[in-house]
Structure formats: C-alpha cells, structure tokens
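Trainee: Could you take me closely through one part of this model, the aromatic contacts, and then turn to the charged side chains?

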Amino acid sequence: MSLLTSARRASDTVNRVAIVVCVACILGMLTISFTGFLYTLFTGDALSWTYSLARLFLPWIGLLSSTIALHAGEHVAMTLLMRLLPELLVKLCAGLTLAVMAGFSLLVIWYGWDFFQNATQVYMVSDTIQISRKWTAIAVPLSGVIFLLHLVQGFGLLEHFVDESAAIEEVIHAHDQEARP
C-alpha cells in the first residue's frame, strides 16, 4: 500500500471520528439544555450552569464540522468560473487553492497551539463546575492538523474535479454490496 493511500485512509478515518465527536457534542449540548428545561419546568427554578456548560461544546462543533465540510468538498468554490477556464488554468488554480489551504492550515496550527498554551483561564460554569479553557482551545490546532491531513485527498476536495455521476454510481454499488449477505 502506498504512502498516499495510507494517508487518504487516515484522512477518511479521522473524518469519521470527527463526525462522531460532533454528534456527541451536539447530543451533549441537547442533553444539558433539556435537563435545564426539565428542571425549570418541574421546579420553577433555573439551573445556572446549563447554558454555560452547553456553550463549551460550540468551538468543537464549529471547528470540527468545518473539517468535515472540507473533506466532503462542501466549501466555497467558484465552480462557474472554473468551468469557463481552460483545463490547464483550472489545474493551476486548483493547485494554488490547495497551497493556500495548506498555508491556512499551518497558520491555524501555529497560532492555535500558541492560543492553547496560553489558555490558562478557567471557565466558572458554577461554584462547583470549573473547566479549563484549554479544553476548548485545543480544538483550534487540532482542526488545523485535520485540515492539513485532509489535503492528502488532493483535487478530490475541489468540487470541479469530482465526477458527480461516478460518485453516485459508487454510492449505489456500495449500498448494493452491503445489502447482500
């Protein structure tokens, strides 16, 4: 197996893990919020910590979901412009786009790591619940690493290089193979 194939598999695996973590964060937020709602409904009082605790999941959801969108090719693309350009210029622009994405990823890692290391504050969710800011700050450099990892997918990340009919056929046939015993 080639290094590129292994890196692409790692990218796919990390993407699946990111999806699970995002879903867990959303479910955690919903559970905390619903608990606060039920407590208010049954007692008439409010739990002061539910909103503060639930919002700590937002950086994770926002940053990890952006890596998931990148992996799926669901990002800002100038597809119409790309369809008007000659193929050589499209490939040049695509290469430049990937280089800019790599530069952005490196900046997110560099400055995100500094942000993480300097995150010494503690969120006072309540008198008894205190959470280090590092818990939310680590999401920044981690998402940069995932961005960088996803770049091994190459031009497949860019919408104008994906053959939509082939992708649809691949999904249909994969579903057919799963249905067979």
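Mentor: What follows covers the aromatic pairs and then the charged contacts.

This is a predicted model, in which local features need pLDDT of at least 70 and side-chain atom pairs count only at pLDDT 80 or more, while totals for chains, interfaces and linings use all residues. Residues are numbered from 1 along each chain as its sequence is written, and side-chain values use heavy atoms, with hydrogens and water left out.

Rings of Phe, Tyr and Trp (its six-membered ring) pair if their centres lie within 6.5 Å, with planes under 30 degrees apart counted as stacked, over 60 as edge-to-face and the rest as tilted; by this rule there are five aromatic pairs. One of them joins Phe57 and Trp135 edge-to-face, at 5.8 Å centre to centre and with 85° between the planes. This pair links distant parts of the chain, 78 residues apart, since Phe57 lies in the loop between helix 2 (50-54) and helix 3 (58-71) and Trp135 in helix 6 (residues 134-137); helices here are DSSP runs (H or I, at least four residues), numbered from the N terminus. Phe57 is buried at 16% relative accessibility, whereas Trp135, at 38%, is partly exposed (buried means under 20% relative accessible area, exposed over 50%, partly exposed in between, with a 1.4 Å probe and protein chains only). Together with Trp60, Phe57 and Trp135 form one aromatic cluster.

Turning to charge, the structure holds one salt bridge, defined as a side-chain nitrogen of Lys or Arg within 4 Å of a carboxyl oxygen of Asp or Glu. Lys91 makes it with Glu87, the closest N and O atoms being 3.3 Å apart.

Conventions: Helix = DSSP H or I, 4+ residues; strand = E, 2+ residues; numbered from the N terminus.
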